[in-house]
Amino acid sequence: MKATAKAHPIQGLVKYHGMRDTERRMPYHDSISVCTAPSHTKTTVEFRSDADEDIYVIGGEEVEGRGAERIQAVVDRVRELAGYDHRVRLESENSFPSNIGFGSSASGFAAAAMALAEAAGLDMTRPEISTIARRGSASAARAVTGAVSHLYSGMNDTDCRSERIETDLEDDLRIVAAHVPAYKETEQAHAEAADSHMFQARMAHIHAQIDDMRDALYDADFDAAFELAEHDSLSLAATTMTGPAGWVYWQPRTIAIFNAVRKLRNEEDVPVYFSTDTGASVYINTTEEHVDRVEEVVADCGVETDVWGVGGPAEVLDESEALF
């Protein structure tokens, strides 16, 4: 009744924004993302029949408040499916900075769902486990199925689940991760999404954006896929900035990176595109041939960088890798 799992965080390519069902975290529309590696979250869970309460620890610190409530939603769903009433101990750690826009909630809840399902002895496919992870974070559903994945919208677990998209772009894609530390509050952005006057405009075009992204991925058309991802980042920001809170999460160095990427693309003909989720940090998508030049230019903007590739699906690890 103990298991350890690992999952990779995600970069949103066509991002979801806002939820029709906040309890089960079912978004208004479909979304597509790519997992980033070697960045990952590792999580160990254990069901304990002799314990009186659940204990959740992330990065060595016990989780309380809203964070614990979100973990509880995932744990309770597994207990419901397994018919358990045992208490749970969960410990998790990230190999990368959290809460600066690099998808740590996606990898965190994906690893938790994978480990919990294994510890509870549930015989489930990854798309099925994605419906469990989604209760903590909708993005986590895509981190369960890994690589390039598509989360379908819907109002039940049969429809609202993630499936992997096979594409030849995975092998050549390199992602320069530009760290721009700035606290973000993603839940607030989702909660007020529909209150922006730009939200309906986003909803009007997002379905075609999904179709175009899938076609670009099938065709392994790098420029088409990541130009779409860049455009979607701007669309998402327009919606968050015009909500009730007027939330602007980009920082001066974020804009500097945007300008540097466009200069590389326009003046040196480098295949390179920027992308952001709800945070100030930036993903810069390019190819293996050009990644060194891209990282050099981005680092000159005064930020810390990592170079990532594409990460696979969430996986159960050997018991020797347990955190406790």
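**Helix, sheet and core**

Biologist: Which residues of α1 are buried?
Modeller: This is a predicted model, and buried here means under 20% relative accessible area. In α1 the buried residues are Ala 68, Arg 70, Ile 71, Val 74, Val 75, Arg 77, Val 78 and Arg 79.

Biologist: How far does α1 reach from its first C-alpha to its last?
Modeller: α1 has 18 residues. At 1.5 Å a residue, the expected value is 26 Å. The reach in the model is close to that, at 26 Å.

Biologist: Which residue with a positive phi follows α1?
Modeller: α1 covers residues 65-82. The residue that follows has a phi near 75°, and it is Gly 83.

Biologist: At about what angle does α1 run to β7?
Modeller: α1 lies across β6, β7 and β9. Relative to β7, the helix runs at about 125°.

Biologist: What is the strand order of the open sheet?
Modeller: The sheet has 6 strands, with mixed pairing. β8 and β16 each have a single partner strand, so they stand at the edges. The order is β8-β7-β9-β6-β1-β16.

Biologist: Which residue in β8 is the bridge partner of Val 57?
Modeller: β7 and β8 pair over 2 bridges, in the antiparallel sense. Their hairpin has 2 residues between the strands, and Gly 59 takes a positive phi near 60°. Across from Val 57, the partner is Glu 62.

Biologist: Which element gives the most residues to the largest nonpolar core?
Modeller: This core has 36 residues, and Phe 47, Tyr 56, Ile 71, Val 78, Leu 90 and Leu 116 have the most contacts inside it. Elements that each supply at least two residues include β1, β6, α1 and β9. With 11 residues, the top contributor is α2.

Biologist: Which strands does α2 lie across?
Modeller: α2 spans residues 104-119. Its direction is at about 35° to β6. The strands it lies across are β1, β6, β9 and β16.

Biologist: Which residues does Leu 116 touch, leaving out those up to four places away in sequence?
Modeller: Leu 116 is one of the residues with the most contacts inside the core. Its partners are Val 45, Phe 47, Val 74, Val 75, Val 78 and Val 88.

Biologist: Does Arg 89 count as buried or exposed?
Modeller: Arg 89 lies in strand β9. Its contacts beyond four places in sequence include Glu 46, Ile 55 and Phe 324. Its relative accessibility is 19%, so Arg 89 counts as buried.

Biologist: How far apart are Arg 89 and Ile 32 in space?
Modeller: In sequence, 57 residues separate the pair. From C-alpha to C-alpha, the distance is 32 Å.

Biologist: What percentage of residues 193-300 is helix?
Modeller: An unreviewed UniProt entry places "domain: Mvd1 C-terminal" at these residues. Their end C-alpha atoms lie 34 Å apart.

Terms used
Residues are numbered from 1 along each chain as its sequence is written. This is a predicted model: local features need pLDDT of at least 70, side-chain atom pairs count only at pLDDT 80 or more; totals for chains, interfaces and linings use all residues. Side-chain values use heavy atoms; hydrogens and water are left out. A nonpolar core is a set of buried Ala, Val, Leu, Ile, Met, Phe, Trp, Tyr and Cys residues joined through side-chain atoms within 4.5 Å. Buried means under 20% relative accessible area, exposed over 50%, partly exposed in between (1.4 Å probe, protein chains only). Helices (H or I, at least four residues) and strands (E, at least two) are DSSP runs, numbered from the N terminus. Contact means heavy atoms within 4.5 Å. Two strands pair if DSSP finds at least two bridges between them. Axes are lines fitted to C-alpha atoms, for helices over the stretch in contact, and angles run from 0 to 180 degrees between N-to-C directions. UniProt positions are given in the numbering used here, feature names are shortened, and annotations may be inferred rather than shown by experiment. The expected span of a helix is 1.5 Å times one less than its number of residues.
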